[in-house]
Amino acid sequence: MSSYSITAPSSRQKWIAGTIVILYALITITPLVWIIATGFKSGPDSISYPPKVLFQPTLEGYVNLFTTRTRANAEDLAAMPPPETWYEQVVRDNGMVIAGPSRYGERFLNSVIIGFGSTFLSVFLGTLAAYAFSRFKIPLKDDLLFFILSTRMMPPIAVAIPIFLMFRTLGLSDTHLGMILLYTAVNISLAVWLLKGFIDEIPREYEEAALIDGYTRFQAFYKVVLPQAATGIASTAIFCLIFAWNEYAFAVLLTSGTAQTAPPFIPTIIGVGGKDWPAVAAGATLFLLPVMVFTILLRKHLLRGITFGAVRK
Amino acid sequence: MAEVSLRKASKSFGKDIALADVTMTVPDGSFVVLLGPTGAGKTTTLRLISGLERPDSGDILINGRSVLGATPAQRDVAMVFQQYSLYPHMSVRDNLAFPLRSPILKTPEDEIRRKVAEVAEVLRISGKLDNKATTLSGGEMQRVSIGRALVRNPSIYLMDEPLSSLDAKLRADLRVELKSIQADLGATFLYVTHDQIEAMTMATHIGVLDRGRLVQFGSPRDIYENPVSLYVASRLGIPRLNVLPASVFGGAPYGAMTIGLRPEHISQGVGKPASVTRVEHLGDQTRLHLSLEGHDIVTLTDVHTGLEPGDHIAIQPHNPLFFDAGGARIA
């Protein structure tokens with residue numbers, strides 16, 4: 001069977017594989033390209049039919065994303081002193097004036113705080129728990145592990161109402177702490193299970209050697225286990241961040257002001273002053289960046305994380 | 001350096017008895033070798049002394065003081081594991097320095113540098129100090145592993161088949177090296193091996209374990225010449241001890257069921273006729289495979305022997321070992 005052969009693939013096989021990869025890439029990249037392009041379109045261009053592939057790029061969407069504006073009539077506009085900044089110019093060209101900054105910046109910062117905060121907490125707690133499950137004799141270990149996994153056996157949103165009531169009673173509604181705790185609770189099972197797998201693969205002998213070399217159990221964990229679990233920790237962190245970053249349903253339900261994250265905020269742009277698709281697209285584009293950067297930074301680990309266990313060292 | 005003792009130490013893993021009531025003293029400055037097949041409890045003994053396992057019952061003493069309540073770090077033991085256990089994320093140098101940097105030893109950096117260089121020299125890994133541990137060959141890894149123990153000056157060195165993964169020449173060199181280090185330092189060693197030459201040449205004492213029990217403890221010569229049982233007698237000897245029914249040659253003491261013949265226990269020229277089945281020339285010795293009344297016997301003969309398969313030769317036992325039905329030595 002050629003598919004099991006370990007010889008180099010033939011040029012025909014390479015050609016077929018290449019075509020499939022390119023097709024798949026095109027399909028997955030198209031929406032992304034569309035969002036990024038729309039962010040640079042003018043309002044009319046963004047809704048023109050047939051859709052415009054070539055267009056005059058403008059920063060209108062980005063300016064609208066970060067500002068609130070009011071319409072002004074032509075006489076008032078003419079009577080105003082000339083605009084001081086390029087973005088004021090952009091707004092005035094559309095017959096409007098800037099009324100103030102939008103809330104996108106704050107919402108974005110909330111996303112960063114809540115996303116990275118819960119990722120850190122999930123990975124931190126997950127690593128400690130996974131180490132304990134991997135190394136120590138724990139009564140009912142298998143049952144506990146199953147219990148932890150079972151928290152993911154239903155969609156989290158199924159318990160939205162109990163959580164909503166709980167948060168209200170505890171005063172956690174619309175707080176950063178509340179959202180961090182919630183996302184951590186959802187992510188922790190994934191973190192424990194993923195990391196337990198990684199830590200199981202690290203031979204105990206390393207820690208035993210460190211114990212004999214004069215270190216305590218915690219020092220051995222810190223100096224010997226953690227560096228070797230770096231791959232697992234990095235890939236777990238990416239999965240946790242992606243969930244917390246993109247989460248929409250709970251964010252809509254539990255946040256409205258102080259702690260509102262970007263996902264529930266972006267659609268609200270649609271309601272303010274008509275369907276401003278370029279601003280929505282601009283918001284989405286900027287929102288993609290942190291996870292993209294984070295993933296690229298940890299890419300090497302992520303790849304190893306996905307193929308982990310496939311190749312024995 | 002210190003004297004290390006086990007007092008009626010027992011350890012089970014679930015239903016498997018790993019060690020049963022073992023009482024043994026490793027005297028200060030001695031080199032004790034543990035012999036026994038896989039599962040006899042050799043590694044468990046090392047792990048109990050190091051503190052990686054706790055005995056179910058019994059006591060472990062270092063310098064006369066019970067260490068049951070002490071962590072491995074507090075016991076101040078060095079251990080070389082059977083599988084290389086180098087820290088893969090560190091360089092060879094950092095691996096060697098790791099025990100010296102521990103919070104217990106807190107060695108100054110210039111002394112660490114000196115000791116690491118010294119040990120690397122002895123183990124011939126000086127050129128590899130800045131390599132990552134994972135880039136070494138198996139033999140080099142094992143040498144670093146030994147080096148990580150040797151940089152310290154612990155109460156006892158515990159070594160679990162440290163030379164087993166090395167090639168023959170390096171093994172011979174390091175055997176001599178380890179023995180001279182031990183003699184120079186006056187260090188206490190507890191050493192597990194399957195290798196007879198290691199056991200005979202390095203040990204001041206040998207302990208033989210059988211399914212978790214210490215069946216004999218004594219000098220290498222004592223274990224070789226005066227084994228208490230067929231089991232102990234079979235642990236040592238190259239070629240292996242020949243085991244035959246006691247009746248084959250006659251003259252066996254009352255109760256003897258089997259006779260144990262080491263190759264040197266067989267005199268040639270007189271006695272019962274045996275046929276030669278194989279002749280193996282090893283260079284420094286020649287092994288003769290014989291068949292006597294359907295029993296296979298291996299003995300040694302003149303290096304330049306003219307014997308060939310099919311020839312006949314008369315043999316008789318000379319100071320053989322006799323064992324009863326249970327394998328206990330009776331004469």
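**View 1. The two domains of chain B lie with their centres 38 Å apart, taken over C-alpha atoms.** The domains in question are domain 1 (4-227) and domain 2 (237-323) of chain B, with bounds that come from an automatic or database domain assignment. This is a predicted model, in which local features need pLDDT of at least 70, side-chain atom pairs count only at pLDDT 80 or more, and totals for chains, interfaces and linings use all residues. Residues are numbered from 1 along each chain as its sequence is written, while chains are lettered from A and ligands numbered from 1 in the order in which they are written. Along its principal axes, the C-alpha trace of chain B spans about 70 × 45 × 35 Å. You can look for nine helices and 17 strands in chain B; helices (H or I, at least four residues) and strands (E, at least two) are DSSP runs, numbered from the N terminus. Of the 331 residues in chain B, 42% are buried. A residue is called buried if 20 or more other C-beta atoms lie within 10 Å of its own, exposed if 12 or fewer, and partly exposed in between, with C-beta atoms placed from the backbone. Among the contacts in chain B with a separation of 6 or more, 64% are between residues 24 or more positions apart. Two residues are in contact if their C-beta atoms, placed from the backbone, lie within 7 Å.

**View 2. Chain A is divided into three stretches of its own: domain 1 (2-39), domain 2 (46-102) and domain 3 (105-263 + 280-306).** Taken over C-alpha atoms, the centres of domain 1 and domain 2 of chain A are separated by 40 Å.

**View 3. Here chain B meets chain A, with 19 residues of chain B in contact with 14 residues of chain A.** On the side of chain B that touches chain A, the elements giving two or more residues are α2 (72-75) and β6 (77-80) of chain B. The largest share, three residues, comes from β6(B). Sorted by class, this side of chain B has 14 nonpolar residues, five polar and no charged. For these classes, Ala, Val, Leu, Ile, Met, Phe, Trp, Tyr, Cys and Pro count as nonpolar, Asp, Glu, Lys and Arg as charged, and the others, Gly among them, as polar.

**View 4. Helix α10 (residues 204-212) of chain A packs against helix α11 (residues 217-228) of chain A.** Axes are lines fitted to C-alpha atoms, for helices over the stretch in contact, and angles run from 0 to 180 degrees between N-to-C directions. Angles under 35 degrees count as roughly parallel, over 145 as roughly antiparallel, 65 to 115 as roughly perpendicular and the rest as oblique. Tyr206(A), Glu207(A), Ala210(A) and Leu211(A) in α10(A) meet residues of α11(A) that include Arg217(A), Ala220(A) and Val224(A). The contact of α10(A) with α11(A) has six nonpolar, no polar and three charged residues.

**View 5. How much of α10(A) is buried?** Seven of its nine residues are, so α10(A) is largely enclosed by the rest of the structure. Among the buried residues are Tyr206(A), Glu208(A), Ala209(A) and Ile212(A). Their cover includes α11 of chain A, together with α1 (42-50), α2 and β6 of chain B. After α10(A) comes Gly214(A), whose phi is positive, near 105°.

**View 6. In chain B, helix α4 (residues 109-123) and helix α5 (residues 138-150) cross at roughly 140°.** Their axes come within 10 Å, and α4(B) and α5(B) are therefore oblique to each other. Val119(B), Ala120(B) and Leu123(B) in α4(B) meet Arg143(B), Ile146(B), Gly147(B) and Leu150(B) in α5(B). By class, this contact holds five nonpolar residues, one polar and one charged.

View 7. Not counting residues up to four places away in sequence, Leu121(A) touches Ile180(A) and Thr184(A). The C-alpha atoms of Leu121(A) and Ala191(A) are separated by 10 Å, although these residues are 70 residues apart along the chain.

**View 8. Ile161(A) is found in helix α8 (residues 160-170) of chain A.** With 10 C-beta neighbours inside 10 Å, Ile161(A) counts as exposed. Leu253(A) is 92 residues apart from Ile161(A) along the chain, and their C-alpha atoms are separated by 9.1 Å.
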